[in-house]
Amino acid sequence: MDPECSQLLPALCAALVDPRQPLTDDTCLEKLLDWFKTVTEAGPSVLLLQESPCLVELLLHVLKPQDLSSGVLSFSLRLAGLFAAQESCFQYLQQGELLPGLFGELGPLGQAAWTAPTVRSGWVQGLRSLAQHPSALHFLASGGALGTVFSLQGDPSLFVASAAGQLLAHILALSMGGQAEGHPSPQACDWPVCAQKIVGHIEASLRSLATPQVTQALNVLATTFGHCHSPWTEVLWGRLHPLVACLLEKEPVPAAHSLVDLLLSVARSPVLSTDCGLWGTLAQTLSRLSRTQAGPLALGILKLQDCPQALRAQAFDTLLQPLACVLKATAQAPGPPGLLDGTASDSGVVDVLLSSRSACVGLLCQTLAQLELLQPMPQRPSPWPQAPLLGAAVTILRLCNGSAAPSSDVGGRLCVILAGCVRVQRAALDFLGTLSQGTGPQELVTQVFAVLLEYLKSPDSSPTVLKKAFQATLGWLLSSAKTPGCCDLDPHTQLFLRELLPVLQKRLCSPCWEVRDSGLEFLTQVARRWGGQAGFRRALLASELPELAEQLLRDPESYVRASAVTAVGQLSHQGLQATPASPESPGGQQSLFLDLLHVLCADSEGFPRRAVMHVFTEWLRDGHAHVAEDAERFVARVLQAASRDLDWEVRAQGLELALVFLAQTLGQPDSRCPHTAAPPEVTPPGQLAQALRALCRVRLFEFAFRALFDCDRPVAQKSCDLLLFLRAKAAPCGSPQEAGSSPGVVPVEAALQRWRAGEQGQPLEALEALEPEAVLALLRSVDLEGLRAALAESSDHVEKSPRSLLQDVLATVGILGDNEADCY
């Protein structure tokens with residue numbers, strides 16, 4: 001330990017146990033524990049305690065009945081566990097009977113502070129740290145601590161109860177771990193004492209009639225089998241498997257959720273998954289649990305890599321039951337046999353669907369979410385019933401909006417239950433969007449587009465439902481291309497788009513800002529995808545969508561203005577703006593540029609201004625028509641506006657735009673991240689001189705060097721990367737002047753020195769008239785690598801030290817003067 005820290009430790013320990021100087025900041029205690037953990041990992045804890053007896057005194061204070069805060073008491077218990085994790089230190093603390101007093105029956109358990117969950121949590125965590133070696137196991141077996149851990153499994157604090165269960169799993173693994181070399185004896189009497197006690201407690205809990213006890217035992221086993229894959233787990237499972245199977249004979253099955261977690265942990269274990277009896281237990285569990293309880297188990301089974309085909313079929317059948325019931329209840333006439341037919345007659349599922357609105361909604365949402373997770377997985381069942389699932393999703397959506405025509409009493413009741421249910425609509429639209437990754441019969445795809453159009457048109461659709469309907473629509477439009485990679489749309493989809501655009505136009509006029517925002521996002525995405533497709537262009541230009549998008553640049557809601565900026569930027573890039581530019585009338589692009597520039601200069605919110613910078617950067621990168629007219633003037637005006645912006649993200653995006661222009665001017669077309677790639681090719685001197693003059697004309701260097709003084713670190717880092725990129729392109733060129741010999745370099749260098757010394761002022765005069773020669777000399781003279789390294793350090797790197805931490809803790813309790821602590 002640092003000598004300065006050793007000198008501060010006595011005062012720290014005295015302050016912690018002094019009730020007259022309470023420590024109100026518990027985060028300091030957490031940082032102290034982190035530091036002590038680092039110290040104990042670096043060397044023997046015994047030596048630390050011998051050299052700093054104040055630490056032992058601190059731990060002894062816990063045993064005295066006094067008014068210690070719960071935070072300090074918890075800290076002391078955890079600290080003792082850290083020290084005792086080393087067996088030599090454990091034995092050292094045992095000599096003074098300190099550990100029995102802290103973790104035995106006569107310790108904090110009898111104090112009033114034990115009522116605080118923080119103290120109980122600290123006790124469990126201290127014991128968890130301590131349990132690392134054979135001496136600790138002997139202490140746990142004989143000191144009564146295990147009994148306390150058993151009782152804490154039912155603690156009213158969920159954090160304490162969970163930690164107690166995890167501690168038991170850890171102790172069991174540590175105890176049995178010594179037998180991992182060979183196959184442990186199946187006789188429990190031959191196991192270590194701790195293992196015997198824990199397994200005996202688990203067996204008693206599994207036989208209990210109280211569900212909480214069963215839950216606790218199952219949770220410990222799930223943690224054990226989930227983390228330990230040693231041979232002894234096979235023996236343990238063989239011993240406990242019959243007791244777990246007996247739970248399935250009870251009505252109802254107790255602790256179903258924990259039982260599912262346990263069985264899936266066992267099934268995933270490479271040691272236990274070879275047990276043939278396990279698959280039978282899983283199949284029995286699927287049939288015994290209710291559909292709501294069995295859903296997570298069925299999904300978990302289908303995710304397994306190796307599983308009997310019959311069990312997979314049963315699990316998939318379980319997942320599909322609710323959708324099969326829906327399809328049967330709304331079938332107009334018997335159709336051809338499908339993959340969902342075999343499950344449609346499950347009366348238990350029908351009873352759940354009809355029992356109440358909450359039960360029906362919960363089951364359908366769970367089913368749709370589980371199938372949505374399963375659809376993209378390589379382990380999903382094959383063949384995948386794409387067509388029946390599409391039909392079920394469309395049917396559920398129609399039940400919710402009242403357009404379904406049920407053919408049975410069950411279907412009629414489902415219509416009433418699901419009418420206007422937003423939760424089910426959202427889940428069904430998410431699932432429908434996921435199904436767009438596959439294909440389906442044209443008749444069903446037509447129904448999909450029809451129901452999506454119904455939801456987009458309906459005045460009853462909530463903003464969140466509309467957003468998901470737009471997302472699902474985009475997914476199905478993307479999947480409707482004639483061939484992979486083709487952006488043309490088939491005739492059916494083009495007809496759908498012609499019907500959709502008037503609906504989208506109406507949604508952009510919605511009084512609800514979320515709807516306007518979702519509509520603009522959808523417009524941006526379809527324009528980006530199909531802006532070059534003739535049929536789409538004709539339909540879009542015949543609508544009022546471009547004009548509406550431009551009008552929404554003045555929307556009262558900033559999110560909508562930001563989305564409008566992105567939309568009109570994309571439309572303009574595709575030549576789809578409200579007033580198309582032409583050789584005879586080039587004013588359309590200029591007008592839009594001025595509108596966006598006005599947003600950048602005058603909008604009071606950051607989101608629209610950031611969106612404008614992203615649009616301008618993309619315009620420059622992709623060669624937008626307005627930029628091509630006069631790129632230098634475009635860049636100069638944008639950088640001038642960005643340099644005055646108070647939002648650091650706008651300034652950072654300004655540097656991204658500057659980097660694009662720099663790379664294009666120097667002849668490197670791809671500028672997305674040049675400083676992370678291979679060193680760029682050196683620019684020839686003639687081309688470099690010409691490029692530098694262009695960069696000076698747009699005042700790019702003034703903008704970049706100002707950014708080096710930026711108080712927001714990401715901006716300064718981005719500026720540093722830009723200048724490093726330029727220096728790599730230009731370093732070998734020019735005369736080998738000494739650093740600072742060129743006019744204009746000295747003032748900027750002096751400003752950089754002041755910046756590095758902590759004076760964050762901006763030396764405006766020194767940057768206003770940089771010439772190309774001065775730029776080259778400055779790039780050679782400034783230590784940009786050093787600046788980048790300084791910027792990469794954390795803001796507290798100067799004072800982030802154990803000594804600083806100890807001073808902070810002492811300052812909070814008034815031991816040090818006001819000026820002796822840093823801000824760590």
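Modeller: A pair of aromatic rings is described by the distance of the centres and the angle of the planes. Rings of Phe, Tyr and Trp (its six-membered ring) pair if their centres lie within 6.5 Å; planes under 30 degrees apart count as stacked, over 60 as edge-to-face and the rest as tilted. By this rule there are 15 aromatic pairs here. The model is predicted, with local features needing pLDDT of at least 70 and side-chain atom pairs pLDDT 80 or more, while totals for chains, interfaces and linings use all residues. Residues are numbered from 1 along each chain as its sequence is written, and side-chain values use heavy atoms, without hydrogens and water.

Biologist: How are the rings of Trp513 and Tyr559 arranged, stacked or edge-to-face?

Modeller: Trp513 and Tyr559 are stacked, with 5.4 Å centre to centre and 15 degrees between the planes. Trp513 belongs to helix 27 (residues 513-530) and Tyr559 to helix 30 (residues 558-573), 46 residues apart; helices are DSSP runs (H or I, at least four residues), numbered from the N terminus.

Biologist: Why does Trp513 count as partly exposed?

Modeller: Trp513 counts as partly exposed because its relative accessibility is 29%. Buried means under 20% relative accessible area, exposed over 50%, partly exposed in between (1.4 Å probe, protein chains only).

Biologist: Why is the pair of Phe616 and Phe634 edge-to-face?

Modeller: Their centres lie 5.3 Å apart and the planes of Phe616 and Phe634 meet at 80 degrees, so the pair is edge-to-face. Phe616 is buried at 0% relative accessibility, and Phe634 is buried at 2%. Phe593, Phe616, Trp619 and Phe634 form one aromatic cluster.

How values were computed: Helix = DSSP H or I, 4+ residues; strand = E, 2+ residues; numbered from the N terminus.
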